[in-house]
Amino acid sequence: MLAAFAPLAVLAAIAIGLGLIILAFSFYIGPRDPSPVKSQTYESGMTALGPAQRRVPVRFYLIATLFILFDIEVIYLYPWAVQYRSLVAEQGWGALASMGVFIGVLVLGFVHVWRKGALDWD
Amino acid sequence: MLDLSPDWGVILTHFAPELILVIGALGLLSYDLYVRGKDGLQPWITLGVLLAAALATGWLYTMDPAEVFEGRSAGEVFRSGAFLSDSFTHFFRLMSVLTAGLVTLSGIAYMRGKTAFKGEFYAFVLFAALAMNLMAGANDLIVIALGIEFLSLVSYILTGYIREDRLSIEGGLKYFLYGSITSAAMLFGLTYLYGIAGSTSLPVIAEAVRQPENLVVTHLSTFIVPAALFLVLAGIGFKVAIAPFHQWSPDAYQGAPTPVTAFLSVGPKAAGFAVMMRLFITVFGTPELSATWLGVLGALAGLTMILGNVAALTQSDVKRMMAYSSIAQAGYMLVGIAAFGGTALMGTTPLGAVLFFILAYLFTNLGAFAVIIAVDRLTGSSSVSAFAGLSKRSPFLAIALTIFFLSLIGIPPLSGFFGKFAVFGAAVASDMFGLAVVGVLTGVVSAVYYFQIVKTMYFGDPAEGGALRPSPGVVFVVATALVMTLIIGLVPQPFIEIANQAVTALEPIAGSMVAR
Amino acid sequence: MQPFLEQISILSLITFLPLVGMVWVLFLRDDDRIKKFATWFSVIPLILSVLLWFGYDKDAGGFQYEAFFSWIPNVGINYHVGVDGFSVPLIFLTTLLTTISLWYSAGVIQTRVKEYYAFFLLLATGMLGVFISLDLFLFYVFFEIGLVPMYFLIGIWGGPRREYAAIKFFLYTLAGSVLMLLGLIAVAFNTPGDNPFTLVRGGMTSDWLTAAPIPFASDPTGALAVAAFLGFLIAMLIKVPSFPFHTWLPDAHVEAPTAGSVILAGVLLKLGTYGLVRVAMPLFPEAFQMLAVPIGFLAFTSIVYGALVAMAQWDFKKLIAYSSVNHMGYVTLGIVATVAAVNGVTPEALAADPMLAENLEAARVAALDGAALQMFTHGVITGALFLLVGLIYDTRTHERDFRELGSGLWRTVPKYGTMLMIAAFASLGLPGLAGFVSEFLVFNGAFRVGLAGNQPLLILTALSVLGILFTAAFILWKVIQMLLLGPQNERWIGTPDLTNNELAMLAPLMFFIIAFGVYPWPILEFIHGASQSLVAHMNVDANLIEVARAASAALTSLR
């Protein structure tokens, strides 16, 4: 049984091995000539300003999280829309009503976010 | 398989308690938007919603099944859906409503002024009750996973609810991190079960594992099933806090607002055991299959009882001590499940014993926590020394807490004694003498730490004088819990019957009962 | 009598009246009123228990005043109460000592009076419940109820190390009783029938149940029976307390308030030996017989070791505490003699002496008589002794070290000295006082059983007699010589003697010490009937008696 997976194992071994070999070659064969300019963050010559980890205002995270939340919920509309005709045939108005409930809860969440002031920038 | 043309009436009827909880929780959130900052009606709305859910459950309890299913056989409806609304679910619906209601009542005064987010707190309590209901009725791996995740998320938020309190944040974060890992493990285990059976429906899995030659993946199945069950056990064990998946609980219990601690000690435990019983008994409950997990469960039960009771000995914070105490109590419940193969004392079953234990534990533990909530609120501390001289400052709270502790130790004729009597009776009947001996002896150990508090309350002198006046909500909860602790102890018969009736739904599925 | 009373039985009244009193006490405010109320209220069960004593039909025997209600039908647990000759004297003893203790406490307890009296009355209910239970489960429930109030009595009103003593008492007893819990679950599983917890076995009479068979009858190896029996045995030996489980006793006794010590020594210790008689004998005759000699060895050790350690004590209370270990050892020895196996009795010997088997049974009955009587007499004597220690320590000298307290106390407080003299002599077993009768019966029975064919028991009994010697030694040396006799100690001159109130408290105890010493039949009458029926029921020598009958029948036919 397990033999059926043998090609897969070979493939994995080749993939991993090739990666390692390339890394090893460039490490041992490649010439190394470090200089201060070369070890700068940007080799283009632009001087790096400030620390690498810059603090982003927390509001961005909040907005981003809210965006992802509502964005993902919308995904559920697609399969429903594709199946809508057959759903109507089976369930009648229930097909529309169930999505209405879904959207309703979503709107409630949006109102909640709004009223709680999560969308206020200042 | 899933019925694709469901009868809306049947579904809505059976979901009545859950629908009430959803609508109530959403309504509470909306209400909260418009009374911001005011000392509003939120707790009372919560209690009203819970009462309605309880009434709906009671209505379902008494309903004639033939009427509900409109001619379809009960087996047809019960065995095929993703969510079951049977006597077992009803029992845990009542448990969740009781837990949420008692926690709400005892927490009103405590939460006042603690945080700006008042309405959300009560909405989350309702959501927690909803999640427990979903777990109790889950008949499908997806619903199991969703229910557990739902309850986990709500619990994380509630634990870290007081953002100004570092301990609360720390507890919530630890709970969250630990929970994510065990959730991942559990989901991994669930995918195995799906993989070997080709379906997420418990009855289908049940039938598949009874006929190994028909499995989708036949090779490896001898070790995949135990491995999957162990992974699932990790996820559920995390929710009910059994060793070795308990490490989160002392920190979370200590950090969480005390009413939330009260909830954590009862709610997730009850719901977790409901899922465990439904999954392990109905799907893997045949003698051949149960051989793979009964031993592990028994060992974990022994470990949990020893670890919980011994670790509780050295705690100086009462909430932390209660965390270990409730770990130990989960161990006792586990004994009943591990003994499930045997007959029990006349007229009771091992699983009925577990349900009876949970019922008795619910009132006793929530009563004890109501006292701790009051002391914590009035003295500002939950350390053992805060209880010094409580017998002088509030004789009512002191005597009540003493009785709750005696019940947890298992002194007759209190409810906790009959719970222990029932589960250890089941253990003896299943020839698990070792487990029973460990159980009763660790019970003696538990007397040491419970009496540490009793000693402080009765023999110690109060650090500061003055009578403590508990809030009306706490008084009500303590009095209710006290009365129930005594009644379940003195007249256990009706409660044994309720528990037995609830587990009639939990027979291991026989192959022929699965509607395909 | 009213039909209602007959239905619920006078026993339920005796047991639950103290509980009613406790609830009542909780609603009283004034300390003095609480003391008066509780003391007088405890007289009601006392009067009822006197009525019980005279109302029990000794000729009929068996269980009387029964009441029976189904409690938890699902599990087969019943509220089944009734008394026989073993329990009636102990119920009387309990109510008597409770009243005396409350009476005494009225003069001593000044702090947290309400709680004290409430706990004491709850304790009374727990103790009385044990003596009336005919259902194993009910027995266990009452056995545990007494634990909690005693913990508080020691812990709140006790001496300097009260917290340690209280939790030690609690944990020791709890450890024993949880093992008993497992034992009783095992018993219930292995008893066929609808009432697996009943203590009424085949051969004992009861109006309410068809008597249940002995459990484990179907257990082929008997290993389970022995395991369950061990659970009970350890619980009871801790309570008795027997060596090596006795270490909680000196701590508890020394730290407990006087009334607590009186009840502890007078009644609580009897729960252990009573449990052996009421539960272990009818339930596990075979397992008990198997382990009889090891238990006998523990009894012997308790007797001799208890007496020797008592001799080494300088604390009056501790001395009496250890003397309790010694005295309760006699009870255990008597019980062991009742069940011990007898070997080497050949059919020829039986044929030669047809009375041998009957004699053996008579010896067992005598040993059990002695054990049961010793429970009562030890309760009275030790109760009196602890009361006397309290009387001198609590309100007079606040000193109970013999070196400080002695000597010449008799001259200083003559009435006190006389009372102490009587109680001390009763404790050492002076003929004419109550302690002698019971110890004599125990040794008499044990010797005869040992002679009939149990060498180890014979040796243990012979060695146990040393215990009497040591007891006499420490009583005469410490109590009589150091305390009472000799030149007057200057320090205590002017100490007030016993008041009439205090004398009245001691009077009933002194009365029973002397009366039952001179004429024990009124109480032995009870016990004897119960012993006979229990020994006959256990049937330890069944085959012997059959062999003897067959042999004598053969002899008769030859003639």
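The structure is a predicted model, in which local features need pLDDT of at least 70, side-chain atom pairs count only at pLDDT 80 or more, and totals for chains, interfaces and linings use all residues. Residues are numbered from 1 along each chain as its sequence is written, while chains are lettered from A and ligands numbered from 1 in the order in which they are written.

**Stop 1**

Select chain B, which has 22 helices and 0 strands. Helices (H or I, at least four residues) and strands (E, at least two) are DSSP runs, numbered from the N terminus. Of the 516 residues in chain B, 62% are buried. A residue is buried if 20 or more other C-beta atoms lie within 10 Å of its own, exposed if 12 or fewer, and partly exposed in between, with C-beta atoms placed from the backbone. Among the contacts of chain B between residues at least 6 apart in sequence, 81% join residues at least 24 apart; two residues are in contact if their C-beta atoms, placed from the backbone, lie within 7 Å.

Select chain C next: it has 23 helices and 2 strands, and buried residues make up 62% of its 559 residues. Of the contacts in chain C with a separation of 6 or more, 82% come from residues 24 or more positions apart.

**Stop 1: helices 2 and 3 of chain B**

Select residues 16-34 and 42-62 of chain B. Axes are lines fitted to C-alpha atoms, for helices over the stretch in contact, and angles run from 0 to 180 degrees between N-to-C directions. Residues in the contact include Ile20(B) and Leu28(B) of helix 2 of chain B, and Val49(B) and Ala53(B) of helix 3 of chain B. By class, the residues of this contact are 12 nonpolar, 4 polar and 1 charged. Ala, Val, Leu, Ile, Met, Phe, Trp, Tyr, Cys and Pro count as nonpolar, Asp, Glu, Lys and Arg as charged, and the others, Gly among them, as polar.

**Stop 3**

Move to the loop between helix 11 (221-240) and helix 12 (248-255) of chain B, where Pro244(B) lies. A cis peptide bond, with omega about 0°, joins Ala243(B) and Pro244(B). Ala241(B) is also placed in the loop between helix 11 and helix 12 of chain B. Its phi is near 60°, a positive value in a residue other than glycine. Ala241(B) counts as buried, with 29 C-beta neighbours inside 10 Å.

**Stop 2: where chain B touches chain C**

Display both chains: 27 residues of chain B are in contact with 26 residues of chain C. On the chain B side, two or more residues come from each of helix 19 (415-429), helix 20 (433-459) and helix 22 (493-503). Helix 20 of chain B gives the most, with 12 residues. This side of chain B divides into 21 nonpolar, 5 polar and 1 charged.

**Stop 3: helices 9 and 13 of chain C**

Select residues 248-255 and 316-339 of chain C. Helix 9 and helix 13 of chain C pack at an angle of about 140°, with their axes 9 Å apart, and they are therefore oblique to each other. Among the residues that meet are Leu249(C) and His253(C) in helix 9 of chain C, and Ala321(C) and Val325(C) in helix 13 of chain C. The contact comprises 6 nonpolar, 2 polar and 2 charged residues.

**Stop 4: helix 15 of chain C and His398(C)**

Finish with residues 356-397 of chain C. Helix 15 of chain C is mostly covered, as 33 of its 42 residues are buried. Just after helix 15 of chain C, His398(C) takes a positive phi of about 55°. With 8 C-beta neighbours inside 10 Å, His398(C) counts as exposed.

Conventions
Parallel < 35°, antiparallel > 145°, perpendicular 65-115°, else oblique.
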